[in-house]
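Please examine the sequence and the structure shown below. The paragraphs that follow lead through them step by step.

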Amino acid sequence: MRVDYSYGYPTIIHKYDKPVTGSSSSYAPGNENLTNPSMLSLVVKEGVLQRQQDTESQYIKDWVIRVFESSNPIVSPDPHNRYGTEPFYSEPAYGYHLVVVASPNADDTFATISREQWSNVLLVIQDRIRWLYAQKGVAYVTVYGDHGRLTESADTHPHFNMITLRDIPPIIKREIIAQHKIQNESGSCPICRIVATKDNNARKILHTDNFIAFCPWSSPYPFSFWIAKRKHTVSFVDITQREVRDLALILRATLGGLSRVVEDVSYSISFHLSVERKSSKQIHWHLEVQPVTKKWSGMERGYGIYLNDTTPEDVAKRLAAACKKELTSIVGIS
Ligand SMILES: [Zn+2]
Ligand SMILES: [Zn+2]
């Protein structure tokens, strides 16, 4: 991991694996021996979910969710590189890189797995976040999933990456500083302020009992949207099972709606979470869905100013109609 000495931008030098698809994917059932042993395999036995894990002599079969350490990790508990000194500062890319396989079915996507399966995936992510924060040298746990041919993914089988860092990543650092500044000045956090104001209705996509999905006012990517809890909440791992089920519903409905509106859509989902231990570095957590629908120009790459060829208000209107249809079909069959 190199860190720019003046500006603090981190870069991890990492060689990508060639993408693999379908039943030859190492994430597919039957290929358990191609990955590291699972640290958690969720299996259904007599209608009840059970937590199991691979042993040296036995791979757990018939899992519905499987978690293991990546065999091509971006960070590692045993990195080989050394420290470099300024102005060419570098440090070992230390940490844990877990892969959470979100479905045994290689043809599934985040927009097709059931609400039940989504709930279980979220519960597993909660569980692994708790475990990762209990390990040494973990300042932050990133959680993200990539879908589609325009995103960088070593494997098209639906999965999440959970990667720990020794420092808080730049975008989360900016959100912590901004949220605390606005909270101190106005007495309410920026996300609560957005959720409460009627002026945001033009960008609202969908809401459930506990969550709201909306396009951000200054949307960097066409069709991008956020999912936030309607009530101010800083801890993702502490949300209840009922809230997890509700989050699963809005995720499945909005991603299904997005897939209806944008053909062959590629996107990333990033969990923007607080530091999940006693700390002042807390934010109103939310999920950001970032579709990849256009190429970047020099304005984005060179200056960090995004050019968007859609308005968030138009996008919200189109997504709202499609997501409501999805919601009805999910609730109707569950
Ligand atoms: Zn808030
Ligand atoms: Zn965010």
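Asp264 lies in the loop between H4 and E12; helices (H or I, at least four residues) and strands (E, at least two) are DSSP runs, numbered from the N terminus. The model is a predicted one, in which local features need pLDDT of at least 70 and side-chain atom pairs count only at pLDDT 80 or more, while totals for chains, interfaces and linings use all residues. Residues are numbered from 1 along each chain as its sequence is written, and chains are lettered from A and ligands numbered from 1 in the order in which they are written.

Asp264 counts as exposed because it has 8 C-beta neighbours inside 10 Å. A residue is buried if 20 or more other C-beta atoms lie within 10 Å of its own, exposed if 12 or fewer, and partly exposed in between, with C-beta atoms placed from the backbone. The backbone of Asp264 has a phi near 50°, which is a positive value in a residue other than glycine. Most residues other than glycine have a negative phi, and most peptide bonds are trans.

Phe223 also deserves attention for its backbone: its phi is near 70°, a positive value in a residue other than glycine. Phe223 is placed in the loop between strand E10 (211-214) and strand E11 (225-229). Is Phe223 buried or exposed? Phe223 counts as buried, because 23 C-beta neighbours lie inside 10 Å. A further backbone feature concerns the peptide bond from Glu86 to Pro87, which is cis, with omega near 5°. Pro87 belongs to the loop between strand E5 (63-69) and strand E6 (97-101).

Two packed helices are described by the angle between their axes and the distance between the axes. Helix H1 (residues 115-133) and helix H4 (residues 241-261) pack at an angle of about 120°, and their axes are 8 Å apart. This angle makes H1 oblique to H4. Here axes are lines fitted to C-alpha atoms, for helices over the stretch in contact, and angles run from 0 to 180 degrees between N-to-C directions. Angles under 35 degrees count as roughly parallel, over 145 as roughly antiparallel, 65 to 115 as roughly perpendicular and the rest as oblique.

Which residues of H1 and H4 meet? Arg115, Trp118, Ser119, Leu122 and Leu123 in H1 meet Val244, Arg245, Leu247, Ala248, Leu249, Leu251 and Arg252 in H4. Two residues are in contact if their C-beta atoms, placed from the backbone, lie within 7 Å.

His284 is found in the loop between strand E12 (266-272) and strand E13 (286-292). His284 is buried, because 23 other C-beta atoms lie within 10 Å. When its neighbours within four places in sequence are left aside, the contacts of His284 include Gln179, Cys189, His232 and Val234. The C-alpha atoms of His284 and Asp314 are separated by 26 Å, and these residues are 30 residues apart along the chain.

Ile305 is located in the loop between helix H5 (298-303) and helix H6 (312-333). Ile305 counts as exposed, because it has 9 C-beta neighbours inside 10 Å. Not counting residues up to four places away in sequence, Ile305 touches Met299 and Glu300.

Finally, the chain as a whole may be considered. The chain has 6 helices and 13 strands, and buried residues make up 38% of its 334 residues. Along its principal axes, the C-alpha trace spans about 60 × 60 × 40 Å.
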